[in-house]
Amino acid sequence: MPQVLDVHAVRAWCVLALEALGRDREEIDAINVYPVADGDTGTNLYLTVESAVQAVEAVFTGLEPAPPALPDVVHAMAHGALIGARGNSGTILAQLLRGMAQVLAGDVDGEAAHSERADGDGLRRALRRAAESAREAVAHPVEGTVLTVAAAAADAADVSGGPGGDCGDVARAAYDGARAALDATPGQLAVLGRAGVVDAGGRGLVAVLGALTEALSGDPVAPVAVRGVHHARVAVDQPQECADGEGPAFEVIYLLEADDQAVARLRTRLDDLGDSLVVVGGDGLWNVHVHVDDAGAAVEAGVEAGRPYRIRITHFAVGDAHMTHPATGSAPTGEPAQRAIVAVVPGEGLAGLYSEAGATVVPERPGEAPGSGELVDAIRRAHAREVVLLPNDAELRHTAAAAAEQARTEGVRVALIPTRSAIQGIAALAVHEKERRFDEDVVAMTSAAGATRYAELAVAERQSWTMAGICQAGDFLGLIDGDVAVIGEDVTRTARTTLDRMLAAGGEMVTLVLGDDVPDEVAEGLERHVRETYLAVDTVVYRGGRNSALMLIGVE
(Lines give C-alpha, C1' and ligand atoms only; values in the text may rest on other atoms or scores of the structure.)
Protein backbone atom coordinates (compact mmCIF):
# COMPACT_ATOMS: atom_id res chain seq x y z
CA MET A 1 0.00 0.00 0.00
CA PRO A 2 1.51 3.40 -0.97
CA GLN A 3 2.70 5.53 1.91
CA VAL A 4 0.82 8.81 2.34
CA LEU A 5 1.43 11.98 4.32
CA ASP A 6 -1.37 12.25 6.89
CA VAL A 7 -1.70 14.09 10.20
CA HIS A 8 0.07 11.34 12.12
CA ALA A 9 2.98 11.36 9.67
CA VAL A 10 3.29 15.16 9.99
CA ARG A 11 3.28 14.88 13.77
CA ALA A 12 5.93 12.15 13.71
CA TRP A 13 7.99 14.16 11.21
CA CYS A 14 8.07 17.19 13.50
CA VAL A 15 9.11 15.14 16.53
CA LEU A 16 11.79 13.23 14.59
CA ALA A 17 13.12 16.46 13.08
CA LEU A 18 13.49 17.94 16.56
CA GLU A 19 15.30 14.82 17.76
CA ALA A 20 17.62 14.87 14.75
CA LEU A 21 18.49 18.55 15.20
CA GLY A 22 19.00 17.94 18.90
CA ARG A 23 21.57 15.24 18.09
CA ASP A 24 23.28 17.29 15.39
CA ARG A 25 23.00 20.76 16.94
CA GLU A 26 26.57 21.04 18.19
CA GLU A 27 28.07 19.79 14.92
CA ILE A 28 25.94 22.19 12.87
CA ASP A 29 26.87 25.07 15.19
CA ALA A 30 30.52 24.17 14.68
CA ILE A 31 30.42 24.49 10.87
CA ASN A 32 28.46 27.77 10.87
CA VAL A 33 30.66 30.19 8.91
CA TYR A 34 28.12 31.93 6.62
CA PRO A 35 26.65 34.55 6.54
CA VAL A 36 28.13 35.24 10.00
CA ALA A 37 30.43 32.83 11.80
CA ASP A 38 28.62 33.08 15.12
CA GLY A 39 28.22 29.35 15.75
CA ASP A 40 24.46 29.21 16.34
CA THR A 41 22.83 27.77 13.20
CA GLY A 42 22.16 24.36 14.74
CA THR A 43 20.73 25.92 17.86
CA ASN A 44 18.54 28.32 15.86
CA LEU A 45 17.16 25.51 13.70
CA TYR A 46 16.47 23.40 16.77
CA LEU A 47 14.54 26.19 18.50
CA THR A 48 12.58 26.94 15.32
CA VAL A 49 11.46 23.32 14.98
CA GLU A 50 10.79 23.11 18.71
CA SER A 51 8.26 25.92 18.31
CA ALA A 52 6.67 24.06 15.38
CA VAL A 53 6.40 20.86 17.45
CA GLN A 54 4.72 22.71 20.31
CA ALA A 55 2.15 24.20 17.91
CA VAL A 56 1.37 20.82 16.33
CA GLU A 57 1.03 19.11 19.71
CA ALA A 58 -1.35 21.86 20.84
CA VAL A 59 -3.65 21.12 17.87
CA PHE A 60 -3.74 17.41 18.69
CA THR A 61 -4.29 18.04 22.40
CA GLY A 62 -7.06 20.54 21.78
CA LEU A 63 -9.07 18.13 19.64
CA GLU A 64 -8.51 14.83 21.48
CA PRO A 65 -9.71 12.16 21.15
CA ALA A 66 -10.61 13.00 17.52
CA PRO A 67 -7.61 13.64 15.23
CA PRO A 68 -7.37 17.09 13.60
CA ALA A 69 -7.57 17.66 9.84
CA LEU A 70 -4.41 17.85 7.75
CA PRO A 71 -4.81 21.58 6.93
CA ASP A 72 -5.06 22.39 10.64
CA VAL A 73 -1.91 20.43 11.47
CA VAL A 74 0.30 21.82 8.68
CA HIS A 75 -0.95 25.36 9.33
CA ALA A 76 -0.01 24.93 13.01
CA MET A 77 3.42 23.60 12.04
CA ALA A 78 4.08 26.57 9.77
CA HIS A 79 2.73 29.11 12.27
CA GLY A 80 4.75 27.65 15.13
CA ALA A 81 7.94 27.79 13.05
CA LEU A 82 7.15 31.35 11.98
CA ILE A 83 6.69 32.78 15.46
CA GLY A 84 9.60 30.78 16.89
CA ALA A 85 12.10 31.26 14.04
CA ARG A 86 15.62 32.10 15.16
CA GLY A 87 18.43 33.48 13.03
CA ASN A 88 18.90 33.49 9.28
CA SER A 89 18.59 29.73 8.76
CA GLY A 90 15.67 29.34 11.16
CA THR A 91 13.77 32.07 9.35
CA ILE A 92 14.35 30.39 5.99
CA LEU A 93 13.31 27.01 7.41
CA ALA A 94 10.08 28.61 8.64
CA GLN A 95 9.33 29.73 5.09
CA LEU A 96 10.16 26.28 3.72
CA LEU A 97 7.60 24.77 6.10
CA ARG A 98 5.09 27.48 5.22
CA GLY A 99 5.50 26.74 1.51
CA MET A 100 4.86 23.05 2.10
CA ALA A 101 1.85 23.84 4.29
CA GLN A 102 0.31 26.02 1.58
CA VAL A 103 0.20 23.08 -0.83
CA LEU A 104 -0.73 20.40 1.70
CA ALA A 105 -3.58 22.54 3.01
CA GLY A 106 -4.82 23.48 -0.46
CA ASP A 107 -4.04 27.19 -0.12
CA VAL A 108 -2.42 27.52 -3.56
CA ASP A 109 -3.31 26.60 -7.14
CA GLY A 110 -7.00 26.71 -6.30
CA GLU A 111 -6.90 23.04 -5.31
CA ALA A 112 -9.02 21.65 -2.53
CA ALA A 113 -6.87 19.78 -0.06
CA HIS A 114 -7.80 16.25 0.93
CA SER A 115 -8.72 16.49 4.59
CA GLU A 116 -6.82 13.36 5.57
CA ARG A 117 -3.72 12.77 3.44
CA ALA A 118 -1.43 13.81 0.60
CA ASP A 119 -0.01 11.42 -2.02
CA GLY A 120 3.36 11.46 -3.75
CA ASP A 121 2.32 14.17 -6.22
CA GLY A 122 1.12 16.36 -3.37
CA LEU A 123 4.44 15.98 -1.57
CA ARG A 124 6.35 16.82 -4.78
CA ARG A 125 4.34 20.02 -5.22
CA ALA A 126 4.84 20.86 -1.55
CA LEU A 127 8.61 20.50 -1.79
CA ARG A 128 8.68 22.61 -4.97
CA ARG A 129 6.56 25.34 -3.38
CA ALA A 130 8.79 25.28 -0.31
CA ALA A 131 11.96 25.84 -2.33
CA GLU A 132 10.41 28.61 -4.43
CA SER A 133 8.85 30.51 -1.53
CA ALA A 134 12.05 30.37 0.52
CA ARG A 135 14.05 31.78 -2.38
CA GLU A 136 11.47 34.54 -2.85
CA ALA A 137 11.77 35.47 0.84
CA VAL A 138 15.52 36.13 0.64
CA ALA A 139 16.40 39.56 -0.74
CA HIS A 140 19.61 38.39 -2.43
CA PRO A 141 19.74 34.59 -2.82
CA VAL A 142 23.19 33.02 -2.74
CA GLU A 143 24.07 29.61 -4.17
CA GLY A 144 25.79 27.09 -1.94
CA THR A 145 23.35 27.73 0.90
CA VAL A 146 20.19 26.12 2.26
CA LEU A 147 18.33 27.57 -0.74
CA THR A 148 20.44 25.46 -3.09
CA VAL A 149 19.89 22.35 -1.00
CA ALA A 150 16.11 22.94 -0.93
CA ALA A 151 15.96 23.40 -4.71
CA ALA A 152 17.95 20.19 -5.24
CA ALA A 153 15.57 18.29 -2.96
CA ALA A 154 12.60 19.51 -5.00
CA ASP A 155 14.34 18.64 -8.28
CA ALA A 156 15.10 15.11 -7.10
CA ALA A 157 11.54 14.64 -5.86
CA ASP A 158 10.14 15.74 -9.25
CA VAL A 159 11.90 12.94 -11.14
CA SER A 160 11.21 10.20 -8.58
CA GLY A 161 8.76 7.42 -9.41
CA GLY A 162 5.76 7.80 -11.65
CA PRO A 163 2.53 9.82 -11.42
CA GLY A 164 1.02 9.82 -7.93
CA GLY A 165 3.36 7.47 -6.20
CA ASP A 166 4.54 6.66 -2.75
CA CYS A 167 5.32 9.52 -0.36
CA GLY A 168 8.11 7.48 1.20
CA ASP A 169 9.86 7.15 -2.18
CA VAL A 170 9.43 10.86 -2.88
CA ALA A 171 10.83 11.82 0.53
CA ARG A 172 13.79 9.45 0.07
CA ALA A 173 14.58 10.95 -3.33
CA ALA A 174 14.38 14.49 -1.90
CA TYR A 175 16.68 13.49 0.95
CA ASP A 176 19.23 11.90 -1.38
CA GLY A 177 19.13 14.96 -3.67
CA ALA A 178 19.63 17.28 -0.71
CA ARG A 179 22.62 15.28 0.56
CA ALA A 180 24.29 15.42 -2.83
CA ALA A 181 23.68 19.17 -3.08
CA LEU A 182 25.02 19.68 0.43
CA ASP A 183 28.28 17.95 -0.44
CA ALA A 184 28.69 20.36 -3.36
CA THR A 185 28.22 23.58 -1.35
CA PRO A 186 31.93 24.17 -0.56
CA GLY A 187 32.57 24.46 -4.30
CA GLN A 188 29.77 27.01 -4.73
CA LEU A 189 30.47 29.41 -1.86
CA ALA A 190 34.03 30.59 -1.34
CA VAL A 191 33.80 31.05 2.44
CA LEU A 192 32.73 27.40 2.82
CA GLY A 193 35.56 26.23 0.59
CA ARG A 194 38.13 28.18 2.61
CA ALA A 195 36.84 26.72 5.87
CA GLY A 196 36.52 23.23 4.42
CA VAL A 197 32.91 22.78 5.53
CA VAL A 198 29.46 22.33 4.02
CA ASP A 199 26.72 24.91 4.53
CA ALA A 200 25.35 24.72 8.08
CA GLY A 201 21.79 25.68 7.11
CA GLY A 202 21.79 23.12 4.33
CA ARG A 203 23.08 20.51 6.76
CA GLY A 204 20.15 21.27 9.04
CA LEU A 205 17.68 20.93 6.17
CA VAL A 206 19.15 17.51 5.34
CA ALA A 207 18.42 16.46 8.93
CA VAL A 208 14.82 17.68 8.59
CA LEU A 209 14.33 15.81 5.30
CA GLY A 210 15.89 12.70 6.83
CA ALA A 211 13.28 12.91 9.57
CA LEU A 212 10.52 13.18 6.94
CA THR A 213 11.85 10.06 5.24
CA GLU A 214 11.92 8.16 8.53
CA ALA A 215 8.40 9.33 9.46
CA LEU A 216 7.00 8.00 6.19
CA SER A 217 9.02 4.82 5.80
CA GLY A 218 9.71 3.89 9.39
CA ASP A 219 13.38 3.36 8.55
CA PRO A 220 15.99 5.76 9.98
CA VAL A 221 18.40 7.30 7.50
CA ALA A 222 22.15 6.87 7.74
CA PRO A 223 23.95 9.52 9.81
CA VAL A 224 25.46 12.40 7.83
CA ALA A 225 29.18 12.91 8.35
CA VAL A 226 29.94 16.58 8.98
CA ARG A 227 33.02 17.84 7.19
CA GLY A 228 35.60 20.07 8.81
CA VAL A 229 34.15 20.41 12.33
CA HIS A 230 37.52 21.03 13.98
CA HIS A 231 38.58 23.48 11.30
CA ALA A 232 35.28 25.34 11.53
CA ARG A 233 35.49 25.69 15.29
CA VAL A 234 38.57 27.86 14.81
CA ALA A 235 36.57 30.10 12.50
CA VAL A 236 33.75 30.38 15.01
CA ASP A 237 36.14 31.26 17.82
CA GLN A 238 37.30 34.22 15.69
CA PRO A 239 34.02 35.41 14.12
CA GLN A 240 33.86 37.16 10.81
CA GLU A 241 31.03 39.47 9.99
CA CYS A 242 30.20 38.24 6.48
CA ALA A 243 31.59 36.00 3.81
CA ASP A 244 34.03 38.63 2.59
CA GLY A 245 35.28 41.48 4.73
CA GLU A 246 33.48 43.30 7.49
CA GLY A 247 29.73 43.54 7.63
CA PRO A 248 26.91 45.03 9.69
CA ALA A 249 27.24 45.11 13.47
CA PHE A 250 23.74 43.98 14.48
CA GLU A 251 21.30 41.17 13.78
CA VAL A 252 17.70 42.41 14.13
CA ILE A 253 14.75 40.02 14.26
CA TYR A 254 11.11 40.75 15.01
CA LEU A 255 7.58 39.55 14.36
CA LEU A 256 5.49 42.05 12.43
CA GLU A 257 1.77 42.51 11.97
CA ALA A 258 1.36 44.33 8.64
CA ASP A 259 -0.35 44.08 5.26
CA ASP A 260 1.37 42.96 2.06
CA GLN A 261 1.88 46.44 0.63
CA ALA A 262 3.52 47.70 3.81
CA VAL A 263 5.82 44.67 3.87
CA ALA A 264 6.85 45.30 0.24
CA ARG A 265 7.91 48.83 1.22
CA LEU A 266 9.66 47.45 4.30
CA ARG A 267 11.72 45.04 2.20
CA THR A 268 13.01 47.93 0.10
CA ARG A 269 13.80 50.02 3.17
CA LEU A 270 15.65 47.24 5.00
CA ASP A 271 17.53 46.21 1.87
CA ASP A 272 18.97 49.73 1.78
CA LEU A 273 19.94 49.53 5.45
CA GLY A 274 21.81 46.22 5.51
CA ASP A 275 22.14 42.66 4.24
CA SER A 276 21.08 39.05 4.96
CA LEU A 277 17.50 40.27 4.63
CA VAL A 278 14.86 37.54 4.96
CA VAL A 279 11.15 38.35 5.35
CA VAL A 280 8.88 35.34 5.71
CA GLY A 281 5.22 34.79 6.49
CA GLY A 282 1.99 36.21 5.13
CA ASP A 283 -1.68 36.70 5.95
CA GLY A 284 -0.82 39.68 8.12
CA LEU A 285 1.95 38.08 10.23
CA TRP A 286 5.63 38.19 9.25
CA ASN A 287 9.03 37.33 10.66
CA VAL A 288 11.70 39.86 9.71
CA HIS A 289 15.46 39.16 9.85
CA VAL A 290 18.22 41.55 8.77
CA HIS A 291 21.84 42.45 9.54
CA VAL A 292 22.37 46.21 9.91
CA ASP A 293 24.64 48.83 11.43
CA ASP A 294 21.70 50.94 12.63
CA ALA A 295 19.47 48.62 14.66
CA GLY A 296 17.19 51.47 15.66
CA ALA A 297 16.47 52.34 12.04
CA ALA A 298 15.57 48.71 11.29
CA VAL A 299 13.07 48.67 14.15
CA GLU A 300 11.68 52.08 13.18
CA ALA A 301 11.11 50.77 9.66
CA GLY A 302 9.03 47.98 11.20
CA VAL A 303 7.01 50.51 13.21
CA GLU A 304 6.29 52.42 10.01
CA ALA A 305 5.10 49.21 8.34
CA GLY A 306 2.91 47.90 11.14
CA ARG A 307 3.30 46.55 14.67
CA PRO A 308 6.65 44.91 15.43
CA TYR A 309 7.04 42.82 18.59
CA ARG A 310 9.31 40.13 20.07
CA ILE A 311 12.19 42.31 18.93
CA ARG A 312 15.64 40.74 19.31
CA ILE A 313 18.84 42.69 18.66
CA THR A 314 22.19 40.88 18.76
CA HIS A 315 25.48 42.74 18.50
CA PHE A 316 28.09 41.03 16.33
CA ALA A 317 30.86 43.39 17.60
CA VAL A 318 34.20 43.58 15.84
CA GLY A 319 36.99 41.63 17.49
CA ASP A 320 35.22 40.06 20.44
CA ALA A 321 31.69 39.41 19.25
CA HIS A 322 30.74 37.40 22.29
CA MET A 323 31.45 39.73 25.19
CA THR A 324 29.32 42.75 24.33
CA HIS A 325 26.37 44.21 26.15
CA PRO A 326 23.19 43.59 24.10
CA ALA A 327 21.76 47.05 24.74
CA THR A 328 24.78 49.31 24.53
CA GLY A 329 27.05 47.23 22.30
CA SER A 330 29.96 47.96 24.68
CA ALA A 331 32.11 45.27 26.20
CA PRO A 332 31.87 44.69 29.98
CA THR A 333 34.69 46.47 31.73
CA GLY A 334 36.88 45.43 34.63
CA GLU A 335 38.00 42.07 35.91
CA PRO A 336 35.28 39.41 35.63
CA ALA A 337 33.74 38.13 38.84
CA GLN A 338 34.58 34.61 39.90
CA ARG A 339 30.99 33.37 40.02
CA ALA A 340 27.50 34.56 39.10
CA ILE A 341 23.92 33.29 39.05
CA VAL A 342 21.71 33.74 35.97
CA ALA A 343 18.02 32.98 36.43
CA VAL A 344 14.84 33.09 34.34
CA VAL A 345 12.18 34.69 36.52
CA PRO A 346 8.43 35.34 35.99
CA GLY A 347 7.03 38.43 37.65
CA GLU A 348 8.53 41.76 38.66
CA GLY A 349 8.39 41.02 42.38
CA LEU A 350 10.33 37.79 42.04
CA ALA A 351 12.78 39.52 39.71
CA GLY A 352 13.51 42.01 42.49
CA LEU A 353 13.97 39.18 44.99
CA TYR A 354 16.43 37.38 42.73
CA SER A 355 18.29 40.61 41.97
CA GLU A 356 18.65 41.38 45.68
CA ALA A 357 20.21 37.93 46.06
CA GLY A 358 22.79 38.90 43.44
CA ALA A 359 21.37 37.04 40.42
CA THR A 360 21.34 38.34 36.86
CA VAL A 361 17.68 38.11 35.88
CA VAL A 362 16.11 37.16 32.54
CA PRO A 363 12.41 38.11 32.66
CA GLU A 364 9.91 35.52 31.47
CA ARG A 365 6.91 37.27 29.95
CA PRO A 366 3.49 35.56 29.67
CA GLY A 367 3.33 33.49 26.50
CA GLU A 368 6.81 34.56 25.44
CA ALA A 369 9.58 32.32 26.75
CA PRO A 370 13.11 33.72 26.43
CA GLY A 371 15.28 32.37 23.62
CA SER A 372 18.76 30.93 23.97
CA GLY A 373 20.19 34.24 22.70
CA GLU A 374 18.65 36.11 25.64
CA LEU A 375 20.15 33.61 28.07
CA VAL A 376 23.57 33.91 26.45
CA ASP A 377 23.32 37.70 26.63
CA ALA A 378 22.52 37.45 30.35
CA ILE A 379 25.52 35.18 30.92
CA ARG A 380 27.70 37.76 29.18
CA ARG A 381 26.22 40.58 31.28
CA ALA A 382 27.00 38.61 34.43
CA HIS A 383 30.67 38.93 33.40
CA ALA A 384 31.94 36.01 35.46
CA ARG A 385 34.31 33.10 35.00
CA GLU A 386 31.77 30.68 36.47
CA VAL A 387 28.00 30.85 36.01
CA VAL A 388 25.17 28.83 37.54
CA LEU A 389 22.14 28.88 35.23
CA LEU A 390 18.62 28.45 36.68
CA PRO A 391 15.97 28.08 33.90
CA ASN A 392 13.11 27.74 36.46
CA ASP A 393 10.86 26.15 33.82
CA ALA A 394 10.79 22.58 32.52
CA GLU A 395 9.95 23.85 29.03
CA LEU A 396 13.22 25.82 28.90
CA ARG A 397 15.53 22.86 29.45
CA HIS A 398 16.65 22.61 25.81
CA THR A 399 16.92 26.38 25.39
CA ALA A 400 19.00 26.65 28.55
CA ALA A 401 21.21 23.74 27.46
CA ALA A 402 21.86 25.44 24.13
CA ALA A 403 22.73 28.72 25.86
CA ALA A 404 25.07 26.97 28.29
CA GLU A 405 26.86 25.23 25.44
CA GLN A 406 27.28 28.52 23.58
CA ALA A 407 28.69 30.24 26.67
CA ARG A 408 31.14 27.39 27.23
CA THR A 409 32.57 27.94 23.74
CA GLU A 410 33.29 31.51 24.87
CA GLY A 411 35.36 30.34 27.83
CA VAL A 412 32.74 30.58 30.59
CA ARG A 413 32.33 27.64 32.95
CA VAL A 414 28.56 27.06 33.11
CA ALA A 415 26.59 24.69 35.30
CA LEU A 416 22.93 24.18 34.39
CA ILE A 417 20.72 23.26 37.35
CA PRO A 418 17.42 21.92 35.91
CA THR A 419 15.07 23.93 38.13
CA ARG A 420 11.46 23.49 37.01
CA SER A 421 9.95 26.40 38.95
CA ALA A 422 11.01 29.76 40.36
CA ILE A 423 10.30 28.23 43.79
CA GLN A 424 13.06 25.67 43.24
CA GLY A 425 15.31 28.51 42.09
CA ILE A 426 14.68 30.36 45.38
CA ALA A 427 15.67 27.23 47.30
CA ALA A 428 18.86 26.94 45.26
CA LEU A 429 19.70 30.62 45.81
CA ALA A 430 19.20 30.25 49.56
CA VAL A 431 22.13 27.82 49.88
CA HIS A 432 24.42 29.50 47.34
CA GLU A 433 27.83 30.37 48.77
CA LYS A 434 30.31 31.93 46.36
CA GLU A 435 33.23 31.17 48.69
CA ARG A 436 32.75 27.42 48.15
CA ARG A 437 34.42 25.52 45.33
CA PHE A 438 32.28 25.72 42.18
CA ASP A 439 31.44 22.01 42.08
CA GLU A 440 30.48 21.96 45.78
CA ASP A 441 28.27 25.02 45.35
CA VAL A 442 26.51 23.48 42.34
CA VAL A 443 25.91 20.21 44.22
CA ALA A 444 24.45 22.06 47.22
CA MET A 445 22.19 24.22 45.04
CA THR A 446 21.06 21.21 42.99
CA SER A 447 20.24 19.25 46.15
CA ALA A 448 18.23 22.15 47.62
CA ALA A 449 16.25 22.58 44.38
CA GLY A 450 15.60 18.85 44.07
CA ALA A 451 14.36 18.65 47.67
CA THR A 452 11.74 21.33 47.01
CA ARG A 453 8.31 20.26 45.78
CA TYR A 454 6.52 22.96 43.87
CA ALA A 455 2.96 23.78 42.93
CA GLU A 456 1.17 26.47 40.97
CA LEU A 457 -2.37 27.77 41.13
CA ALA A 458 -3.89 28.62 37.77
CA VAL A 459 -7.31 29.31 36.27
CA ALA A 460 -8.70 26.87 33.69
CA GLU A 461 -9.24 28.50 30.31
CA ARG A 462 -11.67 25.88 29.01
CA GLN A 463 -13.31 22.58 29.87
CA SER A 464 -10.71 19.85 29.87
CA TRP A 465 -9.85 16.37 31.10
CA THR A 466 -7.14 16.36 33.79
CA MET A 467 -5.55 13.82 36.12
CA ALA A 468 -7.86 15.16 38.84
CA GLY A 469 -11.03 14.90 36.74
CA ILE A 470 -12.92 17.26 34.44
CA CYS A 471 -12.43 20.99 34.99
CA GLN A 472 -14.63 23.78 33.68
CA ALA A 473 -13.56 27.16 32.36
CA GLY A 474 -12.91 29.45 35.33
CA ASP A 475 -12.12 26.64 37.81
CA PHE A 476 -9.03 27.03 39.99
CA LEU A 477 -6.40 24.35 39.38
CA GLY A 478 -3.72 23.20 41.78
CA LEU A 479 -0.80 21.78 39.79
CA ILE A 480 1.73 19.81 41.86
CA ASP A 481 5.05 19.15 40.15
CA GLY A 482 3.41 20.08 36.84
CA ASP A 483 0.32 17.83 37.05
CA VAL A 484 -3.23 18.92 37.93
CA ALA A 485 -3.93 17.50 41.40
CA VAL A 486 -6.75 19.72 42.71
CA ILE A 487 -9.78 21.35 41.07
CA GLY A 488 -11.77 23.94 43.02
CA GLU A 489 -14.13 26.87 42.72
CA ASP A 490 -12.44 29.03 45.39
CA VAL A 491 -8.82 30.17 45.39
CA THR A 492 -8.37 29.85 49.16
CA ARG A 493 -9.78 26.32 49.45
CA THR A 494 -7.92 25.18 46.33
CA ALA A 495 -4.63 26.54 47.68
CA ARG A 496 -5.22 24.97 51.11
CA THR A 497 -6.03 21.54 49.64
CA THR A 498 -2.99 21.74 47.37
CA LEU A 499 -0.78 22.70 50.31
CA ASP A 500 -2.15 19.87 52.47
CA ARG A 501 -1.37 17.31 49.79
CA MET A 502 2.18 18.62 49.52
CA LEU A 503 2.73 18.60 53.30
CA ALA A 504 1.32 15.07 53.65
CA ALA A 505 4.79 13.81 52.75
CA GLY A 506 6.41 16.12 55.32
CA GLY A 507 8.17 19.44 55.10
CA GLU A 508 9.99 22.10 57.11
CA MET A 509 9.45 25.28 55.12
CA VAL A 510 6.53 26.57 53.02
CA THR A 511 7.13 29.33 50.47
CA LEU A 512 4.19 31.24 48.99
CA VAL A 513 4.53 33.59 46.02
CA LEU A 514 1.35 35.59 45.39
CA GLY A 515 0.30 37.16 42.12
CA ASP A 516 -1.22 40.64 41.94
CA ASP A 517 -4.78 39.26 41.91
CA VAL A 518 -4.44 37.37 45.21
CA PRO A 519 -5.37 39.44 48.32
CA ASP A 520 -3.22 39.41 51.45
CA GLU A 521 -6.06 37.72 53.36
CA VAL A 522 -5.49 34.52 51.37
CA ALA A 523 -1.83 34.36 52.39
CA GLU A 524 -2.71 35.16 56.03
CA GLY A 525 -5.27 32.34 56.04
CA LEU A 526 -2.75 29.87 54.59
CA GLU A 527 -0.09 30.92 57.11
CA ARG A 528 -2.56 30.43 59.95
CA HIS A 529 -3.59 27.02 58.57
CA VAL A 530 0.02 25.84 58.43
CA ARG A 531 0.78 27.18 61.92
CA GLU A 532 -2.26 25.49 63.47
CA THR A 533 -2.07 22.20 61.57
CA TYR A 534 1.63 21.42 61.10
CA LEU A 535 4.14 21.65 63.93
CA ALA A 536 7.56 23.20 63.32
CA VAL A 537 6.74 24.22 59.73
CA ASP A 538 7.64 27.82 58.89
CA THR A 539 5.98 29.92 56.18
CA VAL A 540 7.51 32.75 54.13
CA VAL A 541 5.47 34.91 51.73
CA TYR A 542 6.61 36.94 48.71
CA ARG A 543 4.75 39.05 46.19
CA GLY A 544 5.37 37.92 42.64
CA GLY A 545 4.20 41.18 41.11
CA ARG A 546 2.98 41.83 37.60
CA ASN A 547 3.29 38.93 35.08
CA SER A 548 3.69 36.34 37.83
CA ALA A 549 1.54 33.23 38.31
CA LEU A 550 -1.65 33.41 40.38
CA MET A 551 0.20 31.61 43.19
CA LEU A 552 3.34 29.52 43.54
CA ILE A 553 3.78 27.14 46.47
CA GLY A 554 6.99 25.50 47.56
CA VAL A 555 7.61 22.89 50.27
CA GLU A 556 11.14 22.11 51.39
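Biologist: What volume does the second largest cavity have?

Modeller: About 110 Å³ in this predicted model.

Biologist: What makes the second largest cavity a cavity rather than a pocket?

Modeller: A cavity is a set of points where a 1.4 Å probe fits but cannot get out, whereas a pocket is an open set.

Biologist: Which residues lie nearest the centre of the second largest cavity?

Modeller: Leu 96, Leu 127, Ala 130, Leu 205 and Leu 209, out of 14 lining residues. Helix 4, helix 5 (120–137), helix 6 (146–158) and helix 9 (200–217) each give two or more residues to this lining. The largest share, four residues, is from helix 4.

Biologist: What volume does the largest cavity have, and which residues are closest to its centre?

Modeller: Its volume is about 130 Å³. It is lined by 17 residues, and Asp 38, Asp 40, Thr 41, Asn 88 and Glu 251 are the closest to the centre. Two or more lining residues come from each of helix 2 (41–63), helix 4 (87–104) and strand 5 (285–292). Helix 4 gives the most, with four residues.

Biologist: What classes make up the lining of the largest cavity?

Modeller: Four nonpolar, nine polar and four charged residues.

Biologist: Why are Glu 57 and Arg 11 called a salt bridge?

Modeller: The rule asks for a side-chain nitrogen of Lys or Arg within 4 Å of a carboxyl oxygen of Asp or Glu. The N to O distance for Glu 57 and Arg 11 is 2.8 Å, so the pair qualifies. Glu 57 is in helix 2 and Arg 11 in helix 1 (residues 7–30), so the pair ties together parts 46 residues apart in sequence. The whole structure has 23 salt bridges.

Biologist: Are Glu 57 and Arg 11 buried, partly exposed or exposed, and what makes them so?

Modeller: Buried means under 20% relative accessible area and exposed over 50%, with partly exposed in between. Glu 57 has 24% and is partly exposed; Arg 11 has 26% and is partly exposed.

Biologist: What forms a salt bridge with Arg 98, and where do the partners lie?

Modeller: Asp 283 does, with the closest N and O atoms 3.3 Å apart. Asp 283 is in the loop between strand 4 (274–282) and strand 5, and Arg 98 is in helix 4, 185 residues apart.

Biologist: How do you know whether Asp 283 and Arg 98 count as buried or exposed?

Modeller: Asp 283 has 75% relative accessibility, which is over 50%, so it counts as exposed. Arg 98 has 16%, which is under 20%, so it is buried.

Biologist: What makes Asp 481 and Arg 453 a salt bridge?

Modeller: Their N to O distance is 3.5 Å, and the cut-off is within 4 Å. Asp 481 is in the loop between strand 14 (476–480) and strand 15 (483–488), and Arg 453 is in strand 11 (residues 453–459), 28 residues apart. Asp 481 has a relative accessible area of 30% and is partly exposed, and Arg 453 is partly exposed at 30%.

Biologist: Which residues do salt bridges that share partners join into one network?

Modeller: Arg 339, Glu 386, Arg 413, Glu 433, Arg 436, Asp 439 and Asp 441.

How values were computed:
Residues are numbered from 1 along each chain as its sequence is written. This is a predicted model: local features need pLDDT of at least 70, side-chain atom pairs count only at pLDDT 80 or more; totals for chains, interfaces and linings use all residues. Side-chain values use heavy atoms; hydrogens and water are left out. On a 1 Å grid over the protein atoms alone, a cavity is a set of points where a 1.4 Å probe fits but cannot get out, and a pocket is an open set with protein on both sides within 12 Å along at least five of seven lines; lining residues have an atom within 4 Å of a point. Grid points are joined across faces, edges and corners, and a volume is the space filled by probe spheres set on the points. Ala, Val, Leu, Ile, Met, Phe, Trp, Tyr, Cys and Pro count as nonpolar, Asp, Glu, Lys and Arg as charged, and the others, Gly among them, as polar. Buried means under 20% relative accessible area, exposed over 50%, partly exposed in between (1.4 Å probe, protein chains only).
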